[in-house]
Amino acid sequence: MEHHPLLFQCLLFTFLMHFTSTHSVKIPRLSPIPTWDTSLHHPATFDAKTSTDNINTFYYKQLLDHFNYRPQSYKTFQQRYLINFKYWGGANSSAPIFAYFGAEEAIDYSPEGIAFLTDNAASFNALLVYIEHRYYGKSVPFGSREEAFKNASTIGYFNSAQAIADYASVLIHVKKTLHAPNSPVIVIGGSYGGMLASWFRLKYPHMAIGALASSAPILYFDDITPQDGYYSVVSRDYREASETCYQTILQSWSEIDSVASQPKGLSLLSQRFNTCRPLNKSSDLKEYLENMYASAAQYNHPPIYPVTVICGGIDKGSFGSDILSKIYAGVVALRGNTTCKVNAPSNVSETTLGWRWQTCSEIVIPIGIGNNSMFQPDPFSFKSFANDCKKLYGVSPRPHWITTYYGGHNIKLSLQKFGSNIIFSNGLRDPYSSGGVLENISDTVVAIHAINGSHCLDIMGANANHSDPEWLVEMRNKEIKIMKGWISQYYVDLLALNGTIKL
């Protein structure tokens, strides 16, 4: 797949950090393709629309509640899914099905953005299915987004267990409709979607023969991972890029506070950083910079490498040799020098609303900032976090539910005999890799990582000019080899079972 320059600028430069008005800790979004809110001054624009060639759109009449038998549970909604038939070998040959699990955004850009599937579908003769997550895109219960998000009673059906049950129902429907009962299914997801894929394999092993979970931080719950893991990796990425850049960023926070405390200090900062609106508090500027640094680290994809771009701007210091001028030079290096940048009015999207609920209910990832990073310390406070969520929704987060329902503690001990056929892939420059599975759990639950990799890079499309780094090509080839092994073994087992398979 060819990388479109403007598309990748959007993907790399837009990054939503969920926080409420009083919540001091930011939980970075989980997404392989960050196509969510940008400011009104920097809308998400693309130089090419999602290719609709070979993509067919379908809707499935989905049950609202898979786990209860109250009258309300039997309500239904239309769940969208997309299918690409181009490469499929057909039901008669029991050709495989690759199912991509949508996450906290609409499914529209997945066929093009998650091009690992289309890049490799021909060699597998695979059918490609993309399923949208409930409450996102066009898969919204209760008739409208306003009604679905009306209160905790309507939004309470919005959780991961319901989502993977949805996926199971859609896959059963697809296989039945296509008369493909023997076609093996491999589920694929990135980030939150990668978590869903791995959890699906554990909860529905009869539905999928394997799962590829890219950049899935399934261990960033319930204090399994140190709270400062995310921002420690962000800091390491900048330090490895440039020690002087790292030190400049480290010193900049106190400098911002110092200027802000002076008479007309906020006005000076507003002018220095070309803000879209005058700053009311220094934290607005600091949050913008934190978000920018974290985004660049999480999506530090080749060939752009935004961390290097930022540090190049900071170290060059085109706007002056003082600390804040250097920091502004880093902003301009990444975002350009054509419009205002900081403190812009922003869009509020379905993803903003949806991710806020998800993190306030079950996806409680306790990310804090410790004392050994390039950021000002900002430890995670569950009490503060829970209070904010309670004010928003009238319900409290359940910080232990993910590990209770899916596991996580002592994962090697629990999964080495129980689980099978899961690939956990990670790029170690991705801050979320700190909460990922980085070591093999067994011979069939394996970890593949790349030292220079970033968030979900392996499931993005290969460069059309074959310019991907060798380590990335090797990473993808390992995944493909394992997946082909799953399918080959499935056919052997199926043949031994009934002796009536046509290959």
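The legends below describe close-up views of a predicted model.

Local features need pLDDT of at least 70 and side-chain atom pairs count only at pLDDT 80 or more, while totals for chains, interfaces and linings use all residues. Residues are numbered from 1 along each chain as its sequence is written, and side-chain values use heavy atoms, with hydrogens and water left out.

**View 1. The largest nonpolar core.** This core has 107 residues; a nonpolar core is a set of buried Ala, Val, Leu, Ile, Met, Phe, Trp, Tyr and Cys residues joined through side-chain atoms within 4.5 Å. Buried means under 20% relative accessible area (1.4 Å probe, protein chains only). Phe101, Val187, Phe200, Tyr238, Leu289 and Tyr293 have the most contacts inside the core. A second, separate core has 34 residues, including Ile33 and Ile480.

**View 2. Surroundings of Phe101.** Neighbours within four places in sequence are left aside. Phe101 is in contact (heavy atoms within 4.5 Å) with residues including Ile131, Tyr167, Val187, Ile188 and Phe200.

**View 3. Strand 7, residues 185-190.** Strands (E, at least two residues) and helices (H or I, at least four) are DSSP runs numbered from the N terminus. Six of the six residues of strand 7 are buried, so the strand is largely enclosed by the rest of the structure. Val185, Val187 and Gly189 point one way, and Ile186, Ile188 and Gly190 the other.

**View 4. Strand partners of strand 7.** Strands pair if DSSP finds at least two bridges between them. Strand 5 (residues 97-101) pairs with strand 7 in the parallel sense over four bridges, with Ile186 the bridge partner of Phe98. Strand 8 (residues 210-214) runs parallel to strand 7, joined by five bridges.

Methods: Buried means under 20% relative accessible area, exposed over 50%, partly exposed in between (1.4 Å probe, protein chains only).
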